[in-house]
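Biologist: I am new to this structure and would like to learn how to read it. Please take me through it one feature at a time.

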Amino acid sequence: MEVFIHNPHTRNQHFSASRVFQSPLESDVSLLNINQAVSCLTAGVLNPELGCDTLLVGTQTNLLAYDVYNNSDLFYREAKATALGLGGQPCLPSQETIWLLTNDDRGIWVADGANAIVLGTLGDISSPLAIIGGNCALQGFNHEGSDLFWTVTGDNVHSLTLCDFDGDGKKELLVGSEDFDIRVFKEDEIVAEMTETEVVTSLCPMYGSRFGYALSNGTVGVYEKTARYWRIKSKNHAMSIHAFDLNSDGVNELITGWSNGKVDARSDRTGEVIFKDNFSSAIAGVVEGDYRMDGHIQLICCSVDGEIRGYLPSMAEMKGNLMDTSAEQDLIRELSQKKQNLLLELRNYEENTKAELGSPLNEADGHRGIIPANTGLHTMLSVNLGNETQTAHTEVCISTSNDTIIRAVLIFAEGIFAGESHVVHPSIHNLSSSIRIPIAPPKDVPVDLHLKAFVGYRSSTQFHVFELTRQLPRFSMYALTSLDSASEPISYVNFTIAERAQRTPLDITINTDDIDLAGDIIQSMASFFAIEDLQVEADFPVYFEELRKVLVKVDEHHSVHQKLSADMADHSNLIRSLLVRAEDARLMRDMKTMKSRYMELYDLNRDLLNGYKIRCNNHTELLGNLKAVNQAIQRAGHLRVGKPKNQVITACRDAIRSNNINTLFRIMRGGTASS
């Protein structure tokens, strides 16, 4: 894998290091050799004393900080595994010791990879950090390669950005992950969480506490702190988003590069497109910089085929929509379409009026096909516990206020239906004034259901369309039941809250074997009662026992890794020896011995390939187990609110550093190491 570096301002620069070589076709193009697939890339000021930007290249095992101008590596962090016993000292494996993959001797989880990277200052940490997000973990390195920041998050990280979220003049870290959540870290403290409907693939700061986001389903939008400002949905995928003031009005627009090659700029306030352009292939990235070195910042877009275009901000007098004459044509086309729709609607009303005045009653239903003017549409939510042929689900019951029938219903909801829309079209024999639609949300999050219902009579040839929005509550998939019909869970969380200062505190116990559900209930109650800090006692015996098994598997995978590495080293030494012997035999024309040596080499090569496959499988399983450990820490924090939440995560990390497994579980149960 190579990183393409285009620098037309310093032609004929001499590159002597082996990592970089000059392109034979272009003297202003150089290629940076990376021996692994590049997973993320960024550039910026990492060392203010250096006087130039640093190029940061992330792979699934390494982070390279490279000085392009001086052609040198600033640091190259390579993951290496050590075994820590109690107290953080190297030890031999035993029944009482669980080995954990760490970075150097400081207990930092590695082998997490670098899926996303961002560069800048975080909170009160004075030096700029290169922050990488990988397998549920976040790490921050300074210009010397020292890790000054580390914490865990709920799932694999897909996007990172730095933004002054709370307006205190210091940057917070925004993390988008596979579990559909956007988390805001004030250093290692989570201060806010927003749940979306798909994987969060891109984040970018707009200005102040406003930031843009993109999802894997084609949604892009803008948040103002925890409130969604606006969003739009496209059938294409947003490949890259960036904030840039293209119309020179002093406020950044959200620039989006799409998978179909389109680039558009949207107003941060409304989401209205003020500029668009088209490439012949998908957009690879959108950045900004003074590329021409004339003192003016340009917006730079690059496609996957290598086409690059730069855009200068418009003149100040051209504020507003920048699509000039094309905008006028689009407006004329849009108004013409609206005119056609209104004319069609008017014609339908005229035909309905004629039918009402001149047509006899239909013998089948006693109506002329026109619904009464006071017809309304009602919705009701209920839980269906299911049966032998049907799984449990939530039902949306839609009914009319009279004897009109519902001919069809269209529901649009993000994250519930394949394609995000669902159409129910009863047969002519099953038409009625009400219809029940089963819905099974995959997560306990509130979802807006946008409904369109076609209402009329059986004899109607034209139907009235009712449109309404109904929110599916967060815990819509749960129903009250008696203890006789269900066994009481053995797991529980116990805590005390006071709704108001003058009221008696309430002792609350939630019995559930689902640790995620317990965390969701606690967070929802804390939000409803405006609780800032909440300590919780919890015990999930089955889950904790599974976690203990995962930690044992980490030990086993590490032992396998060490054994395979030793075997590969032995094979490598033997291969070098056999090669020398085979070449000696060839020079001495001893063909029989040469053939024998090369047959041994062939067998060794086959063994090495088999060993490599085993190492790959072992590494994949190890990553899965490390992810489970990181998620367990996150879940333990999710059971608490405010400072207790951050204390639990910090204490769990300290327990992992010291490899004290019993303390780890004690913290998860009681919230502190002394519980």
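Biologist: Does Thr256 count as buried or exposed?

Modeller: Buried means under 20% relative accessible area, exposed over 50%, and partly exposed in between, with a 1.4 Å probe and protein chains only. Thr256 has 0% relative accessibility, so it counts as buried. Before going on: this is a predicted model, in which local features need pLDDT of at least 70 and side-chain atom pairs count only at pLDDT 80 or more, while totals for chains, interfaces and linings use all residues. Residues are numbered from 1 along each chain as its sequence is written, and side-chain values use heavy atoms, with hydrogens and water left out.

Biologist: Where does Thr256 lie, and which residues does Thr256 touch?

Modeller: Helices (H or I, at least four residues) and strands (E, at least two) are DSSP runs, numbered from the N terminus. Thr256 is in strand β21, residues 253–258. A contact means heavy atoms within 4.5 Å. Leaving out residues up to four places away in sequence, Thr256 touches Val220, Ala238, Ser240, Ile241, Lys262, Val263 and Asp264.

Biologist: What is the place of Gly145?

Modeller: Gly145 belongs to the loop between β10 (137–141) and β11. Its relative accessible area is 1%, so Gly145 is buried. Gly145 touches Phe75 and Arg77, again not counting residues up to four places away in sequence. The C-alpha atoms of Gly145 and Arg77 are separated by 6.9 Å, although the two are 68 residues apart along the chain.

Biologist: What pLDDT does the protein chain average?

Modeller: pLDDT is the predictor's confidence in each residue, from 0 to 100. The chain averages 82, and 85% of the residues score at least 70. Over residues 11–17 the value is below 50, and this stretch has 13 contacts in the model beyond near neighbours in sequence. Residues 79–111 also stay under 50, with 94 contacts beyond four places in sequence. Where pLDDT is low, the predicted coordinates should not be read in detail.

Biologist: How many aromatic pairs does the structure hold?

Modeller: A pair of aromatic rings is described by the distance of the centres and the angle of the planes. Rings of Phe, Tyr and Trp (its six-membered ring) pair if their centres lie within 6.5 Å; planes under 30 degrees apart count as stacked, over 60 as edge-to-face and the rest as tilted. The structure holds 10 such pairs. One of them is Phe211 with Tyr223: the centres are 5.4 Å apart and the planes at 10°, so this pair is stacked. Phe211 lies in strand β17 (residues 210–215) and Tyr223 in strand β18 (residues 219–224), so the pair ties together parts 12 residues apart in sequence. Phe211 and Tyr223 are both buried.

Biologist: At what angle are the planes of Phe275 and Tyr311?

Modeller: Their planes are at 70° and their centres 5.6 Å apart, so the pair is edge-to-face. It links distant parts of the chain, with Phe275 in strand β23 (residues 273–278) and Tyr311 in strand β26 (residues 308–311), 36 residues apart. Both residues are buried.

Biologist: Which residue has its charged end over the ring of Tyr229?

Modeller: A charge sits over a ring if NZ of Lys or CZ of Arg is within 6 Å of the ring centre and within 35 degrees of the ring normal. Arg210 places its charged end over the ring of Tyr229, 4.0 Å from the centre. Arg309 lies over the face of Phe279, 4.1 Å from the ring centre.

Biologist: Which feature does UniProt place at residues 643–669?

Modeller: UniProt, in an unreviewed entry, places "domain: BBS2 C-terminal helix bundle" there. The span is 89% helix and 0% strand, and its end C-alpha atoms lie 16 Å apart.

Biologist: How many residues of helix α6 are buried?

Modeller: Seven of the 10 residues of α6 (residues 661–670) are buried, so the helix is largely enclosed by the rest of the structure. Among them are Ile661, Leu664 and Phe665. Their cover includes β36 (537–539), α3 (541–587), α4 (591–638) and α5 (643–657). Just after α6, Gly671 takes a positive phi of about 95°.

How values were computed
UniProt positions renumbered as here; feature names shortened; annotations may be inferred.
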